[in-house]
Amino acid sequence: MSDPTPGSEPGDRGAIVGLARTYCSVVDAGAFERLRELFVTDATAELGGSGQRGIDEIIGRLEVALGRFESWEHSIGDHEVTIEGDRATARCELRAVHVLPPGGDVATDTVVGFYEDSLVRTAQGWRIAHRRLVVTDRH
């Protein structure tokens with residue numbers, strides 16, 4: 001599929017989708033410090049709580065939110081990307097399965113929804129400037 005914006009480079013869409021996939025791989029590996037390679041330093045996010053400002057708060061939020069689980073896996077798909085010069089928006093569907101510690105009433109916490117991203121092109125490539133998690137179902 002080509003980029004929907006006339007004049008955008010064909011590789012931009014692939015780079016943005018790749019960034020979303022890398023985010024999931026980094027988070028699933030628990031390598032939260034690597035998120036610094038994916039976000040701009042002053043990025044903002046809506047990942048629960050009162051929102052996060054700056055990469056340190058984003059990393060802290062993920063460490064706390066995922067720290068109560070034994071393991072987790074994030075799967076994404078159906079990417080929509082719109083590129084306008086050095087800025088872009090992207091949306092992808094999400095299914096995240098979180099394995100709870102033994103002994104509880106349920107074994108997993110599954111989140112279904114999507115990520116909405118605002119991105120900027122930097123000297124290092126595309127980076128996330130804002131990420132919003134929208135939860136449509138949880139079971």
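Q: What does His 79 touch, leaving out residues up to four places away in sequence?
A: Arg 13, Val 17, Ala 20, Arg 91 and Cys 92. Keep in mind that this is a predicted model.

Q: Where does His 79 lie?
A: In strand β3.

Q: Buried or exposed, that His 79?
A: Buried. Its relative accessibility is 16%, and the cut-off for buried is under 20%, so His 79 counts as buried.

Q: Which residues are closest to the centre of the largest pocket?
A: Leu 47, Ala 65, His 98, Leu 133 and Arg 138. They belong to a lining of 21 residues.

Q: Which one gives the most?
A: α2, with four residues.

Q: How do the lining residues divide into nonpolar, polar and charged?
A: There are 13 nonpolar residues, three polar and five charged in the lining of the largest pocket.

Q: Now rings. How many aromatic pairs are in the whole structure?
A: The search finds three.

Q: What is the geometry for Tyr 23 and Phe 39?
A: The ring centres are 6.1 Å apart and the planes sit at 65°. Over 60 degrees counts as edge-to-face, so that is the label for Tyr 23 and Phe 39.

Q: What does that pair tie together?
A: Parts that are 16 residues apart in sequence. Tyr 23 is in helix α1, and Phe 39 is in strand β1 (residues 39-46).

Q: Are those two buried or exposed?
A: Both Tyr 23 and Phe 39 are buried.

Q: And what about Phe 32 and Trp 72?
A: That aromatic pair is stacked. The distance is 6.5 Å centre to centre, with 25° between the planes.

Q: Where do Phe 32 and Trp 72 lie?
A: Phe 32 is in the loop between α1 and β1, and Trp 72 is in strand β3 (residues 71-84). So the pair ties together parts 40 residues apart in sequence. Both Phe 32 and Trp 72 are buried.

Q: Which residues do ring pairs link into a cluster?
A: Tyr 23, Phe 39 and Tyr 115.

Q: Where does Arg 131 lie relative to Tyr 23?
A: Over the face of Tyr 23, at 4.1 Å from the ring centre.

Q: And where does the charged end of Arg 131 sit relative to Tyr 115?
A: Over the ring of Tyr 115, 3.9 Å from its centre.

Conventions:
Residues are numbered from 1 along each chain as its sequence is written. This is a predicted model: local features need pLDDT of at least 70, side-chain atom pairs count only at pLDDT 80 or more; totals for chains, interfaces and linings use all residues. Side-chain values use heavy atoms; hydrogens and water are left out. On a 1 Å grid over the protein atoms alone, a cavity is a set of points where a 1.4 Å probe fits but cannot get out, and a pocket is an open set with protein on both sides within 12 Å along at least five of seven lines; lining residues have an atom within 4 Å of a point. Helices (H or I, at least four residues) and strands (E, at least two) are DSSP runs, numbered from the N terminus. Ala, Val, Leu, Ile, Met, Phe, Trp, Tyr, Cys and Pro count as nonpolar, Asp, Glu, Lys and Arg as charged, and the others, Gly among them, as polar. Rings of Phe, Tyr and Trp (its six-membered ring) pair if their centres lie within 6.5 Å; planes under 30 degrees apart count as stacked, over 60 as edge-to-face and the rest as tilted. Buried means under 20% relative accessible area, exposed over 50%, partly exposed in between (1.4 Å probe, protein chains only). A charge sits over a ring if NZ of Lys or CZ of Arg is within 6 Å of the ring centre and within 35 degrees of the ring normal. Contact means heavy atoms within 4.5 Å.
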